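Hi,

Here is the structure I promised to pass on.

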Amino acid sequence: MSRELLQRGSLQGSPRVRPSTWFVWHAHRIRPGARVLDLACGEGRHSLAAAALGAKVTAVDRDPIKLATARGRAAVSGLSIDLREQDIEGEWPELGVFDAVLVFNYLDRANMPRILQLVAPGGLLFMETFLQAQREAGWGPTSSAHLLRPGELGRLIAPLTVL
């Protein structure tokens with residue numbers, strides 16, 4: 001599925017269903033058949049978008065209600081996604097490695113080493129999260145635990161590099 005279809009196609013819907021603009025800008029990096037993991041997937045907006053690109057998607061979230069919504073959306077769209085209920089702040093299941101790992105609007109500094117181990121050699125970590133500067137501008141999460149500090153990303157994802 002092209003970027004244009006992601007923006008205007010059946011996945012557009014409401015802002016809660018549409019993948020983030022940042023994802024759409026970089027979606028060309030996800031190839032058909034790629035193994036993709038969406039951590040803390042919520043209602044599956046990025047899982048759905050990756051599956052629409054032809055990826056083999058595994059998605060994990062702890063909220064069974066959000067996962068049920070994702071299942072319904074996948075069914076309506078004719079997409080196959082392996083949706084798993086798991087609290088990744090607790091014990092982690094064996095997931096394997098992936099060509100792309102998606103982490104959107106979720107920051108778990110303590111588990112970053114685990115997240116990095118999920119990225120296959122030559123793979124990509126797609127990460128979009130809230131910044132400390134957003135709180136200073138009056139929006140986004142208020143807890144510092146959920147806000148990326150200036151210059152922190154490079155340290156959190158080492159030995160990966162920011163593209």
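Let me start with the core: of the 23 residues in the largest nonpolar core, which touch the most other members? They are Phe-23, Ile-30, Val-36, Ala-50, Ile-81 and Leu-102. A nonpolar core here is a set of buried Ala, Val, Leu, Ile, Met, Phe, Trp, Tyr and Cys residues joined through side-chain atoms within 4.5 Å. Buried means under 20% relative accessible area, exposed means over 50%, and partly exposed is in between (1.4 Å probe, protein chains only).

Before the rest, the ground rules. This is a predicted model, so local features need pLDDT of at least 70 and side-chain atom pairs count only at pLDDT 80 or more, while totals for chains, interfaces and linings use all residues. Residues are numbered from 1 along each chain as its sequence is written, and side-chain values use heavy atoms, with hydrogens and water left out.

**Overall layout**

The chain has seven helices and five strands, and from the N terminus they come in the order α-α-β-α-β-α-β-β-α-β-α-α. Both kinds of element are DSSP runs numbered from the N terminus: helices are H or I with at least four residues, strands are E with at least two. Of the 163 residues, 43% are buried. The chain exposes about 8,700 Å², with carbon and sulfur atoms supplying 53% of it (Shrake-Rupley method, 1.4 Å probe; for residues, only the protein chains shown count as cover). Taking contacts between residues at least 6 apart in sequence, 53% join residues at least 24 apart; contact means heavy atoms within 4.5 Å.

**The sheet and its helices**

The five strands form an open sheet in the order β3-β2-β1-β4-β5, with parallel pairing. Two strands pair if DSSP finds at least two bridges between them. At the edges are β3 (81-85) and β5 (119-128), each pairing on one side only. From one strand to the next, the twist averages 15°. Strands β1 (residues 35-39) and β2 (residues 56-61) are joined in the parallel sense over five bridges, and Asp-38 stands opposite Ala-59 in β2.

Two helices are worth a look here. Helix α4 (residues 64-77) packs on the sheet and touches β2 and β3, with its direction at about 170° to that of β3. Helix α3 (residues 45-52) lies across β1, β2, β3 and β4 (98-104), and runs at about 175° to β2. Axes are lines fitted to C-alpha atoms, for helices over the stretch in contact, and angles run from 0 to 180 degrees between N-to-C directions.

**Back to the core**

Phe-23, Ile-30, Val-36, Ala-50, Ile-81 and Leu-102 touch the most other members of the 23-residue core. Two or more residues come from each of α3, β2, α4, β3 and β4, and α3 gives the most, with four. Another core, of 20 residues, lies apart from this one, and includes Leu-37, Val-60, Val-103 and Ile-157.

Not counting residues up to four places away in sequence, Ala-50 touches Phe-23, Ile-30, Val-36, Ala-55, Val-57 and Leu-102. Ala-51 is in helix α3 and counts as buried because its relative accessibility is 10%. Leaving aside neighbours within four places, Ala-51 is in contact with Val-57, Leu-79, Ser-80 and Ile-81.

**Salt bridges**

I found seven of them, a salt bridge being a side-chain nitrogen of Lys or Arg within 4 Å of a carboxyl oxygen of Asp or Glu. Three to check:

- Arg-62 with Glu-89, closest N and O atoms 3.4 Å apart. Arg-62 sits in the loop between β2 and α4, Glu-89 in the loop between β3 and β4, 27 residues apart. Together with Asp-87, Arg-62 and Glu-89 are linked in a network of salt bridges.
- Glu-152 with Arg-109, 2.5 Å from N to O. Glu-152 is in helix α7 (residues 152-157), and Arg-109 is in the loop between β4 and α5 (112-117), 43 residues apart. Glu-152 counts as buried at 4% relative accessibility, whereas Arg-109 is partly exposed at 22%.
- Arg-84 with Asp-82, 2.9 Å from N to O. Arg-84 is partly exposed at 31% relative accessible area, and Asp-82 is partly exposed at 33%.

Cheers
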